[in-house]
Structures are given as structure tokens and as C-alpha cells.
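Reader: I am new to this structure and would like to learn how to read its features one at a time. Could you take me through them slowly, giving the general idea before each case?

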Amino acid sequence: MAKVTLDKNGLAKSAGTITVYNFDALTGEFTGSSNEFLAQGVGLPANACITAPPDAEAGHVMLYRDGSWLAVADHRGKTVYSVADGAAVLINALGDYPTDTTLLKPATAWDKWDGTNWVKDAEAEREAKIIAVEKERSTRIAEANSVSAAWQAQLLLGIITEDDKERLTAWMAYAQKIQRVDVLSKTFITWPDRPV
């Protein structure tokens, strides 16, 4: 089949085939080439041109913009980390990495960015551990109060059995031990055993 040439308006001078270079309608990203049949007086298919894109370097793709090909960084599928809070950011668009991100992953939840590397913020870690231990203590005390609430009412009414009085005493002693746990001076907390 004859090769097509285009006139000054981009229409085929005669019927035949032509190699076209296709690109995405939204992004302009090169999607491949194809041989197209054009009837005389017909133009190129939508989102196609006759200029071949240059080979893209590794980590780049070619975009068709304003009548020419442009090499753009392609980091899609990679994960970077926000230098503000260490949050993972999945790259899903073409172009350079977002500003205020790094490829370096923080090692802990308490790392802070120093402009070059992640540095562990020991004070933030300590505060987070104290909050977690306080929460655990509150949960354990709430459990002790919930388990013993009926027995306390029975004790006040004078209708508690001796077995239930022993259980109440065990749970109240457990709650006292929990309240005395020093959350500030220890790095590892050994909680008292729950009563049986």
C-alpha cells in the first residue's frame, strides 16, 4: 500500500498508510505507534501525530505537548515520605517528586526530618509511651470497676456472699496495684495479674 503524505492542512494527499504516534488524550503520554490507513482528504486520528518521540531515558516518559515531545519524570508507583510528618505518599502522577517529600523512610513513628535525614525524637517517643501506658491503665481500672460494680452494691446493701466479698477484695487490690504503677520512670511496664 502507498505511503501517505499530508498537505499543509494535515490531510492525506492520496489514500494510503502512514505511521502515527499515539498519545493519551489527557496527559499526552506516548502510548505507542500504529500504521493507519487514511483515505484521500482525511486527517490523522485523534491524539496522534506523525513525529516520532525520542527514546525516553530510564525513569522518564515522553509527553506530546504543544506540537512537540517532552521528556517528563515518571515516578508512578513509588512511595515517598512527607518530611512534615513521615506519612507515606504513593506517587500516581507524572512529574518530579512532590515538594517536601523524601525517598528515605522514617525508621520510627517518632522520627523528625532534619533537612537531610530522619532523626529519632526521643521526647516524642517517651510522651507517646506515657500516653499509651496511661490509656492501658485507664482500661484496666475501668475493667476492675465494671467487674466489681455489682459486688460493691451488694456490699453496701449487706447482701454480699463471702465468696463475692473475696472476689471484690481481690479486684479492688488489683485496681490499687494498677494505680500505683509508675508510668514515668519505667520503660517497660509489668502489669499485675488480673484476679481469677
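Author: Let us begin with a term: a salt bridge is a side-chain nitrogen of Lys or Arg within 4 Å of a carboxyl oxygen of Asp or Glu. Before we apply it, note that this is a predicted model, in which local features need pLDDT of at least 70 and side-chain atom pairs count only at pLDDT 80 or more, while totals for chains, interfaces and linings use all residues. Residues are numbered from 1 along each chain as its sequence is written, and side-chain values use heavy atoms, with hydrogens and water left out.

Reader: How many salt bridges does a search of the whole structure find, and which residues are linked in a network of them?

Author: Side chains of opposite charge can pair when their charged atoms come close. Here the search of the whole structure finds eight salt bridges, and a network of them links Glu29, Asp74 and Arg76. Within it, Arg76 bridges to Asp74 with the closest N and O atoms 2.8 Å apart.

Reader: Where is Glu29 found, and is Glu29 buried or exposed?

Author: Buried means under 20% relative accessible area, exposed means over 50%, and partly exposed lies in between, using a 1.4 Å probe and protein chains only. Glu29, in the loop between β1 and β2, is buried because its relative accessible area is 16%, whereas Arg76, at 35%, is partly exposed. If contact means heavy atoms within 4.5 Å, then Glu29, leaving aside its neighbours within four places in sequence, touches residues including Val61, Leu63, Arg76 and Leu94.

Reader: How should I read the salt bridges of Glu125 and Glu143?

Author: Glu125 pairs with Lys129, their closest N and O atoms being 3.4 Å apart, and both residues lie in helix α1 (residues 122–157), four residues apart, about one turn of the helix. Glu125 counts as buried at 13% relative accessibility, while Lys129 counts as partly exposed at 41%. Glu143 forms a salt bridge with Arg194, with the closest N and O atoms 2.7 Å apart; this pair links distant parts of the chain, 51 residues apart, with Glu143 in helix α1 and Arg194 in the segment after α2 (162–179).

Reader: At what angle do α1 and α2 pack?

Author: Two packed helices are described by the angle between their axes and the distance between the axes. The axes are lines fitted to C-alpha atoms, for helices over the stretch in contact, and angles run from 0 to 180 degrees between N-to-C directions. α1 and α2 pack at about 150°, with their axes 9 Å apart. Residues that meet across this pair include Trp151 in α1 and Trp171 in α2.

Reader: What order do the strands of the open sheet have?

Author: Strands of a sheet pair through backbone hydrogen bonds, either parallel or antiparallel; two strands count as paired if DSSP finds at least two bridges between them. The open sheet of three strands has the order β2-β1-β3, with antiparallel pairing, and its edge strands are β2 (30–38) and β3 (48–49), each pairing on one side only. Elsewhere, six bridges join the antiparallel strands β4 (residues 60–65) and β5 (residues 68–73), which form a hairpin with two residues between them.
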